[in-house]
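I opened the notebook to record what I looked up, going from the whole chain to single pairs of side chains.

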Amino acid sequence: MGRPREHDEQTRRALLAVAGDLLASEGSAGVSVRRVSQEAQTTTRAVYSLFGDKEGLLRALYQQAAETMRRHHEAVPEHDDPLVEITALALAYRTAAREEPNLYGLFMSGSVPGFRPVGDDARLARRSLARVVQALQRFADAGELPGRDPRLVGQQLWGLVHGLATLELQGHLGPSDQAEARWRDAVLATVTGYRQPPPAPQ
């Protein structure tokens, strides 16, 4: 009979919750193995056993945020109307950011010096954008994005939703209902513009 696991899923969740709070309030400098284990009321051994080291802990947080984004994006059904589907995808991004507000900066990378997702982690994160680009490619094939590159449109939309999410998480878009209305208005205006041919180069 094997030895029982000393550190279980409940301990893992507690460590991730503490690390996420510290990351949001103090940045990566506040996320140390000792500090996280103390505030989670466990031992440093638990962190090393479950995550390996601080980088493993940050990687687990990143995976959590990326999986949340993937789950919400891939739950959006296809629709014949670009405005309906792209709005739903944008709001899926908003929901994911609001679900993991402490991890949003980590998911966007660059906020934690020395940490950058690679391999399977990076591929998981790209699945959210891939879902959007797939939709845009369908609309382009149907003539809904005249003269536009779906991948470039996807990057531009990513910039839009990232800006909106950042502003909302910092409290600049007002209460939730007001913030959602501003999201919808911005997406409506943007997608409506994309359905027109781009202006000729000057």
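**Notebook: the chain and its charge pairs**

I started with contacts: of those in the protein chain between residues at least 6 apart in sequence, 71% join residues at least 24 apart. I note here that the model is predicted.

Next I looked up the elements. The protein chain has nine helices and zero strands. Read from the N terminus, the order is α-α-α-α-α-α-α-α-α. I then checked the extent along the principal axes, where the C-alpha atoms fill a box of roughly 65 × 40 × 30 Å.

Of the 202 residues in the protein chain, 40% are buried.

Then I looked up charges. How many salt bridges does the structure hold? I found 18 salt bridges.

E99 sits in helix α5 (residues 82–99) and R71 in helix α4 (residues 54–74), so I wrote down a link between distant parts of the chain, 28 residues apart. E99 has 38% relative accessibility and counts as partly exposed. R71, at 37%, counts as partly exposed too.My next entry is R127 with E74, whose side chains meet in a salt bridge at 2.9 Å, N to O. R127 belongs to helix α7 (residues 119–141) and E74 to helix α4, so this pair ties together parts that are 53 residues apart in sequence. I checked the cover of each partner. R127 is partly exposed at a relative accessible area of 39%, and E74 is partly exposed at 34%.

I then looked at R131 and E85, which form a salt bridge with 2.9 Å from N to O. This pair links distant parts of the chain, with R131 in helix α7 and E85 in helix α5, 46 residues apart. Are R131 and E85 buried or exposed? R131 has a relative accessible area of 9%, which is under 20%, so I list R131 as buried. E85 has 1% and is buried as well.

My last entry is a group.

Terms used: Residues numbered from 1 in each chain as written. Predicted model: local features only at pLDDT ≥ 70, side-chain atom pairs only at ≥ 80, totals over all residues. Heavy atoms only, no water. Helix = DSSP H or I, 4+ residues; strand = E, 2+ residues; numbered from the N terminus. Buried < 20%, exposed > 50% of the residue type's maximum accessible area, 1.4 Å probe, protein only. Contact = heavy atoms within 4.5 Å. Salt bridge = Lys/Arg side-chain N within 4 Å of Asp/Glu carboxyl O.
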